[in-house]
Amino acid sequence: MSELYTGVREVLSVRPDIIDTLYKEKCLELSLEDRQFDKRLRFPAQNEYIHLQSLETNQSAVARVRGDRLVLVNTKDTCITNVKPRNLRQHMVMDTLLDDSIKIVVITGRCGTGKTLLVLGAALYKMEQKVY
């Protein structure tokens, strides 16, 4: 059986200036030149998460592919209806659940990883915002 698609790519050895630009401008165009900073980023899927890391400066950033851009994901101070993501993957799940442009979300994982809690927190938040 082949490996299950996780929706996340780890991209190591990114130049620090790319991460700086992503934080400064909140997005990064994915032109052909930009994709050459790592071969694994040549054909990203829509809504795929990219975890960029610079081994030189120990910087990192998480972005999501939207169109032909990488959009920075807020991984700090995300608390929805008293449900707070506890790790990077949970931040990605919460970001996906709160995006109204994504109609179907599939979450897999071992027991006790917070899948149900995150979904219920996002659902309560959407009900409070009257978005359903």
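## Terms and basis of the model

Two strands are said to pair if DSSP finds at least two bridges between them. Strands (E, at least two residues) and helices (H or I, at least four) are DSSP runs, numbered from the N terminus.

This is a predicted model, in which local features need pLDDT of at least 70, side-chain atom pairs count only at pLDDT 80 or more, and totals for chains, interfaces and linings use all residues. Residues are numbered from 1 along each chain as its sequence is written, and side-chain values use heavy atoms, with hydrogens and water left out.

Strand 3 pairs with strand 1 (residues 8–11) in the parallel sense, over four bridges; Arg-9 has Ile-50 of strand 3 as its bridge partner. With strand 4 (residues 60–66), strand 3 runs antiparallel, joined by five bridges. Ala-61 in strand 4 is the bridge partner of Leu-52. Strands 3 and 4 form a hairpin with six residues between them, and Asn-58 in the turn has a positive phi of about 65 degrees.

## Positive phi in other segments

Asn-82 is in the loop between strand 5 (69–72) and helix 3 (88–97). Its phi is near 65 degrees, a positive value in a residue other than glycine. Asn-82 counts as exposed because its relative accessibility is 76%.

Lys-130 lies in the segment after helix 4 (115–128). Although Lys-130 is not a glycine, its phi is positive, at about 60 degrees. With a relative accessible area of 65%, Lys-130 is exposed.

Notes. Buried < 20%, exposed > 50% of the residue type's maximum accessible area, 1.4 Å probe, protein only.
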